[in-house]
Amino acid sequence: ENQKTTKGVFTTTVGFLDVGNSFSPDRDAVCDVLNNNVIEGAVAIAQSCPRLMIMRAFSSYYDSKPSSLNAVPIILETKEFQDLRVEIMRVVEEDYENAAAYVKIFDEHRRVYKHNKTWNFEAYKAKTQSLREIKRDMMRMRDWLRELEKMKISSTIGSLYVDSKTLKGQLVPIAERTLNEIKGMLLEIAREACLSSLTELQGYIKALNERPEELDDFMNFQVFHSEQVANKVEVVKKASQVDDMYELL
C-alpha cells in the first residue's frame with residue numbers, strides 16, 4: 001500500500017509515558033470494539049436480511065406459517081468464521097507491535113517530556129546563572145524546537161493510522177514556554193545591567209566634566225582620570241556584556 005495516500009482503518013494516537021510509549025486507543029480497546037461491535041454487528045446484518053421463504057408474498061404457497069433458522073449462532077459456530085476472527089485479531093496485534101517499533105523514532109524527543117517533569121522556573125531563576133549558562137539553555141530550547149519542527153505527524157502502519165501530531169502539539173509548547181521564561185529573565189537581567197552601566201558612565205562623565213580650578217584639585221583630578229583610564233577595559237567589558245544579552249533576545 002502507498003503510505004502517502006492510504007490511511008489506516010483505525011486511528012491511534014501515540015504518547016509518552018515515564019517508561020515507554022502509549023497508544024490511544026490501545027490494542028486491547030481496538031480488539032474489544034472489533035469483537036463486540038464490528039464483527040458481531042456484521043453477523044447481525046445477516047440475520048436482518050429479508051428471506052424469501054418467509055415473505056408475505058409467498059405465504060399462500062405454504063400450508064402453514066413457514067419458519068427459518070437463526071443465522072447468527074450458525075455463523076458464529078462455523079470454523080471459517082472463527083478462523084477469520086482469529087486472523088483479524090492477529091493482524092491487529094501484529095500492527096500494534098510494528099507501530100510500537102515505529103514510534104521509537106520519537107525517543108529523541110523524550111528529553112522534552114522529561115524536561116517538563118523536572119523544570120521549575122522559580123528555582124532556575126533563584127539560582128545564580130552566568131550569561132554563558134543562560135545562552136547554553138536558550139540554545140538547547142531552540143535546538144529542540146528546530147528538531148520538533150521536523151517531527152513526523154503521522155504514518156500508516158498496516159491497519160493503523162498512527163497519529164503523532166498530538167504528541168508534537170504537546171512537546172512544542174514545553175520548549176517554547178521554557179525559552180520564553182528564560183528570555184524574560186534575561187531581559188530583566190539585561191535591563192538592570194544596562195541601567196547600572198549607564199549610571200556608572202554618567203557618574204564618570206559628570207566627574208570628568210568638573211574641571212579643577214586649584215592645583216590640589218588638579219592633582220586629585222589627575223589621579224581620578226588615571227583610575228578611569230585603568231578601568232576602561234572593565235567598563236567596555238560591562239557594556240559589551242549588555243550588548244550580548246540583548247543580542248540573545
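This report describes the fold, core, hairpin, salt bridges and a surface patch of a predicted protein model.

## Basis and overall fold

The model is predicted, and local features need pLDDT of at least 70, side-chain atom pairs count only at pLDDT 80 or more, and totals for chains, interfaces and linings use all residues. Residues are numbered from 1 along each chain as its sequence is written, and side-chain values use heavy atoms, with hydrogens and water left out.

The protein chain has nine helices and four strands, taken as DSSP runs (H or I of at least four residues for helices, E of at least two for strands) numbered from the N terminus. Along the sequence these elements follow the pattern β-β-α-α-α-α-α-α-β-β-α-α-α. Of the 249 residues, 26% count as buried, where buried means under 20% relative accessible area, exposed over 50% and partly exposed in between (1.4 Å probe, protein chains only).

## Nonpolar core

The largest nonpolar core holds 40 residues, of which Val162 and Leu171 touch the most other members; such a core is a set of buried Ala, Val, Leu, Ile, Met, Phe, Trp, Tyr and Cys residues joined through side-chain atoms within 4.5 Å. Among the elements that each supply at least two residues are β1 (10–16), α1 (27–48), β4 (160–163) and α7 (165–209), and the largest share, nine residues, comes from α7.

Not counting residues up to four places away in sequence, Leu171 touches Phe16, His109, Val112, Tyr113 and Leu148, a contact being heavy atoms within 4.5 Å.

Strands β1 and β2 (residues 21–24) run antiparallel and are joined by four bridges, pairing being assigned if DSSP finds at least two bridges between two strands. Val14 stands opposite Phe23 in β2. The hairpin has four residues between its strands, and Gly20 in the turn has a positive phi of about 85°.

## Salt bridges

The count comes to 12 salt bridges, each a side-chain nitrogen of Lys or Arg within 4 Å of a carboxyl oxygen of Asp or Glu. In helix α3, Lys79 and Asp83 lie four residues apart, about one turn of the helix, and their side chains meet at 2.7 Å, N to O; Lys79 is exposed at 59%, whereas Asp83 is partly exposed at 39%.

The side chains of Arg110 and Asp107 meet in a salt bridge at 4.0 Å, N to O, with Arg110 buried at 11% relative accessibility and Asp107 partly exposed at 36%. Elsewhere, salt bridges that share partners join Glu87, Arg90 and Glu94 into one network.
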